[in-house]
Structures are given as C-alpha cells and as structure tokens.
Amino acid sequence: MNKKNTTVRHAPGLTGLSRAGFSSGFGVLAATLGSAVGLGNIWKFPYLTGANGGAGFLLVYLLATLLIGLPVMIAEITLGRQAKANPISALQALAPKGQPWWLIGAAGMLAAFLILSFYSEVVAWVFAYVVKAMRGSILSSDPRVTEAAFSALISDPLQSLLWQWGVLVFIGSILLLGVTKGIEAMTKKLLPVLFLLLLLLCVVSLSLDKAAEGLAFLFKPDFSKISASVVLTAMGLAFFKLSIGMGTMMTYGSYFRDDQNIPLTTLRVMSADLCVSMLAGIAIFPAVFTFGFAPAAGPALVFITIPAVFSQIPLGQGLMLAFFLLAAVAATGAMLSLMEVPVVILHERFGLSRARATVFTVLLLILLGASCALSNSALADFKLFGLTMFDLFDFVSSNIILPAGGIFIALFVGWVWGFKKFRLALGNHGQLHNEKLARAVFYLLRCVSPLLILIVMLKGLNFF
Ligand code: PHE
C-alpha cells in the first residue's frame, strides 16, 4: 500500500469531493467484490438454475464465466484504469478520433437504468422480508404458507411501490451523503458473515431428507435440458453476475491504483463470487426437494424456500433476520455500483453536480421502476413480447445489452487498442511480468469471446 504514490486518487463517492481512486489493494478487491456479489448470487442464480434444468445450466454458466466473463472483466477494468474516466469519456479518449466506441458507455447507462428498475424491486422484497422476519410471520416449512406470504407482498401495488421508493431513496442518500466509503467498509466486514451464514444454511439443508436429490439436480447435468435459450440465459447471468458489459467495471477500473494486479484481482473476485452462488444453490435445492417446492418457481424461489430452511433450526427466526439483512447489505453494494454509472456520466459529461446527478437518477428510477414494481399487480397484464416489464427489462439488459457490450469491449481491445497497449496496461507498465497471460487474454478477446457471444446471442434469440 503505497500511500505516497501520486497516482492514488480517491473515488468520488468515497470522498464526495473529487474524482479519485481506491486507496488500498484490499479496498479495491472489496469494492469490486461488493459490486459483483449481490442478489445475482442469492436470488437470480438459484432461480435461473432451477428454472433451466439444474446442473447443465450450471455447467454452461461456469464455462461462460471462464471463457467470456473473465477476459471481458479484465479488459473492462484495464481500459477504465488506463483512461481514468467514466465509460463514455474513457472510450472516447482511447479510441481513434471520430470512431463511435463511446456508444458502449451510452448503452451501459441505459442498461444501468433497466437493471436498477427491476433490481430495486427485488431489493425492496428483501427489505420487506427483513421486517417480516422480525415479526416471524413467514417461518414455515409448508410451501403454501411461504408462497402465500410472498404473493401477498408482490401482488400489493402500494407495498411494492413504497418499498421500492424506500430502497431508491436509501441508496440515493448514501451517494448524496458521500458515505459510500462507510458502506464499503461495512460490506467488507459483513460479506464474510454472509458467507458463514450461507455455510450454516448449507449444513442444515444437507441434513434434510431429500438432500441427495437436491444435490443431484444441482450437480448432475442432464444435457437434454440445454437449449439455445438456456445457453443464452447462462451467458447473460455470467455478465450480470460479474457486473460487466455495461461500464460498471470500467468505472471501478478508473478508481483502481496503478500498481494493482488486475488479473489477480479479477480472478479473486470471480472465485469468491462463484463460491457465494454455489453456497446459495446448495442451501436452497435440497430444501426445494425435501419440502416439495417447485425448482422452477422463478423469481419467488429464494423468498419461499429460505424461510423453510430456517424453520428447521433453533433460533431460526433471528438467523433468518440476519440472512435478509446481510442480503440487503450485499444488494446495497451492487446497487451503489450500478448507480455509479449514470451518476458519474451525468456528472462528468453533462456537467451536473454529483448531488444533482444522483437526485435526477433516483427520480428517473422512481418513474421507470414503477413499471417493474407493479409487474405482479396493477401491470401484470401489460406485456411486450409476452413479458412483463420486470421480465423484459431483465431479459433485455442481461441477454442483449450486456453481451453486446461485451462483444464491443472485446473487439475494441482486440482490434483497435491492440496488443502492445493492452499488454503494457495489464503489466502495470513494466512492473508485472505477465506477458504470457496478457497474450492469452488478448487472443481470447480478439477472436474467441466476441465470436462465442455472437453465436450464443443469435442462436438464443432465434436468428438461425
Ligand atoms: N453483479 C450484481 C449482482 O449479481 C448486479 C450488477 C449487475 C451490478 C451489473 C452492477 C452491474 O447482484
């Protein structure tokens, strides 16, 4: 931790004053992990795995993470650190004059709004469950009871809206007060606790009657269940999980220190992120089979299964409260990183103060997010392409914008920025000797990743 390093800057959200960087190596790791680990692990991963047939989906997801996610994440962080600017300005600065690569940043801003619209609603459910857990009203192993509790919440338009507004105002205030640093410090301390609690849940779940069935579902691939759209969903999840393809990691990269080892940090973040998802899967599927839930229950899965697992142990109510609180903390870290993209772009590109940019973003999200908050009640029948706004925003961001962003980021590095600059930036301008690694990542980015993403997208979207 070289405090004298003149290139060390402090992130805007971290000081509330000026654009700068994360001050220590561990801070970088924690903040990046704080963005990656969120409801994607605890909510989205289990429900998508359940809805798409289990182990086969998991396998494709792992492959997509390694072959596509890892190189794209490295590329994004490297570009961000090199340019030290928001995604739009970064790509403008690094690209030859007149070429429109900055559009990746603009698309990223759109993705951030779409994701925040439905994500804030899921966080709203988590917050509501914190209160429910305090009251103890949902602790039961009877699927009918936990399902009824969840549908009562999501089908109530007023509750859905109010909780969502609460969440948006809460996150906005964190950004406004400039206490992001406090939140990041808290996330750093609380993520290990979440990890421990998930471990405990796994132990409980594994002791249940039909644990073996749950594990087989999660780990024994049935290849007949893998279709083109399953592959697209798995790849979309890989992008969503690692917060890539939309400029979040580029923005965080711009706060990285110049002596930070990017590949190593990325590898650590990816491994820790996978661990959390796996634990969530192991905690949930044995219970799903034991208590007779449907693995394909969709977005409700976690909210109906977790109370059932906690109902099996002493102090279940208190521990469940802790679980949803920790989930809320993890979700907060991810939401902060999502909001950072539009806020920093509005601030640096459109000249709004950070405070104004934050208020504008929150207000826009209150409007846009309502369409997702009401997707299970007042707007349940309002569908485009057969999807509610909640599902549509999720689908378009994860399965179209993020992968497309990934293609262009990979192509930009592989064909425009070029190997020499990439290697220098990735090797910290001569400090690290990771030439072979740089070459391998570069060729993945130049040829393999974009082609793979394109094929999966076109096939998954039924283009051929
Ligand atoms: N990775 C976060 C999660 O899994 C979500 C996210 C997506 C955050 C894109 C930032 C950007 O919860």
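I take helices (H or I, at least four residues) and strands (E, at least two) as DSSP runs, numbered from the N terminus.

**Ground rules.** I am working on a predicted model, where local features need pLDDT of at least 70, side-chain atom pairs count only at pLDDT 80 or more, and totals for chains, interfaces and linings use all residues. Residues are numbered from 1 along each chain as its sequence is written, and side-chain values use heavy atoms, with hydrogens and water left out.

**Overall fold.** I looked up the secondary structure and found 19 helices and zero strands. The C-alpha atoms fill a box of roughly 60 × 50 × 45 Å along the principal axes.

**Around the ligand.** I counted a residue as near if one of its heavy atoms lies within 4 Å. The ligand is surrounded by 14 residues, and the closest are Ala-36, Gly-40, Tyr-119, Phe-240 and Lys-241. H15 gives the largest share of this shell, three residues.

**Polar contacts.** Here I looked for pairs of N or O atoms within 3.5 Å. Tyr-119 puts a polar side-chain atom 2.5 Å from a ligand oxygen. A polar backbone atom of Leu-39 is 3.2 Å from an oxygen of the ligand, and one of Phe-240 is 2.8 Å from a ligand nitrogen.

**Burial.** Next I checked accessible area (Shrake-Rupley method, 1.4 Å probe). Taken alone the ligand exposes 330 Å², and the protein buries 100% of that. Helices H2 (25–36), H3 (39–51), H11 (228–241) and H15 (316–350) are the elements that give two or more residues to the shell.

Technical notes: Polar contact = N/O pair within 3.5 Å; in protein donor to acceptor, adjacent residues only side chain to side chain.
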